[in-house]
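Please find below a short note on the structure under review. It is arranged as numbered points that may be read alongside the sequence.

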Amino acid sequence: QARIDQPRNRLVFDLPREPLRVDIDPEYDLLRYLDPTEQPPALNQLFGSKDSWLVVPAAAPAPMRDAWMALARQWQARYPGLQVADDGTVLPPSANRLLLGWDNRQLPRARAGFVRDGQTLEEDAATVRGTRYGADATSIVLVASDADGVATGFIGAATPQAVASLARKLTHYGSYGRLVFDADSGANQVRDSLTSMHSGLSRQLGPAPVPLQLTPRAALGEPDTAAAPPVAGRQSFAR
């Protein structure tokens, strides 16, 4: 660690091996405004933005489409800035978007944005922390952001009942960008956030990207029942 207290600082380190990345304030210990590019991808980016869209799968079976629309109405009442479009709508590149449903026609183009640090999103499953979660048995929530700070989220659920459960739960999980729930019981199995890949306060020094390794910790006042082992990423807050 090193203290930076001038507009320009020269720091010299004696390291045992070649460094792979440099990060300034990686645990958000300074009370400061975050640049959009360094904010950890999280649901709050989609809930609180003035330009966020819920993208509904137009060709979903009627019960599922009705469930997604009920979720959209419920969230719009709480977050008036949320707008709704079907998956045939071309949204501006600057628009944050939350893609609803495994059958969403915009998901294939967005899928690559969720691949990082051992995380993948397939047609019928997601891999998180090395565990594969199938679309039929779990509800999946993932959030990613690009170099301009634009957020793209995905919510996958198997049944209208699972969608209704998420509609009630997810507004209480806004600080997280990666969530897994049991489809039947609604029990939470994973909750965390990955760090931003585009922060102006981070620099990759090697030929291949290296994830930031931080020790996970529970949110304040929350029991650490779903804490992850040390992985690349964790929930992060400016405080």
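This is a predicted model: local features need pLDDT of at least 70, side-chain atom pairs count only at pLDDT 80 or more; totals for chains, interfaces and linings use all residues.

1. Six of its six residues are buried, so strand 9 is largely enclosed by the rest of the structure. In a regular strand, side chains alternate between the two faces of the sheet. Here both faces of strand 9 are covered: A151, G153 and I155 are buried on one side, and T152, F154 and G156 are buried on the other.

2. The pairing of strand 9 involves strand 4 and strand 8. Strand 4 (residues 96–100) runs parallel to strand 9 and is joined to it by four bridges; in this pairing L98 stands opposite G153. Strand 8 (residues 138–145) is antiparallel to strand 9, with six bridges between them, and L142 of this pairing lies opposite F154.

3. Strand 8 and strand 9 form a hairpin with five residues between the strands. Within this hairpin, G149 adopts a positive phi near 80°.

4. A separate point concerns the open sheet of three strands, whose order is 5-6-7 and whose pairing is antiparallel. Its edge strands are strand 5 (120–121) and strand 7 (131–134), each of which pairs on one side only. Strand 5 is joined by two bridges to strand 6, residues 125–128, and T120 stands opposite T127 of strand 6.

5. Most residues other than glycine have a negative phi. D25, although not a glycine, has a positive phi of about 50°; its place is in the loop between strand 1 and helix 1 (43–47). R129, likewise a residue other than glycine, has a positive phi near 55° and is placed in the loop between strand 6 and strand 7.

6. Are D25 and R129 buried or partly exposed? D25 counts as buried because its relative accessibility is 13%, which falls under the 20% cut-off. R129 has 26% relative accessibility and therefore counts as partly exposed.

7. Which residues make the nonpolar surface patch? The patch, of about 460 Å², is made by I4, L11, F13, L15 and I24. Of these, L11 is found in the segment before strand 1 (21–23). L11 is partly exposed, as its relative accessible area is 38%; this value is over the 30% that a residue needs in order to belong to a patch.

Technical notes
Residues are numbered from 1 along each chain as its sequence is written. Side-chain values use heavy atoms; hydrogens and water are left out. Patches are made of residues with over 30% relative accessible area and no salt bridge: like charges are joined within 9 Å, nonpolar side chains (Val, Leu, Ile, Met, Phe, Trp, Tyr) within 5 Å. Accessible areas come from the Shrake-Rupley method with a 1.4 Å probe; for residues, only the protein chains shown count as cover. A salt bridge is a side-chain nitrogen of Lys or Arg within 4 Å of a carboxyl oxygen of Asp or Glu. Buried means under 20% relative accessible area, exposed over 50%, partly exposed in between (1.4 Å probe, protein chains only). Two strands pair if DSSP finds at least two bridges between them.
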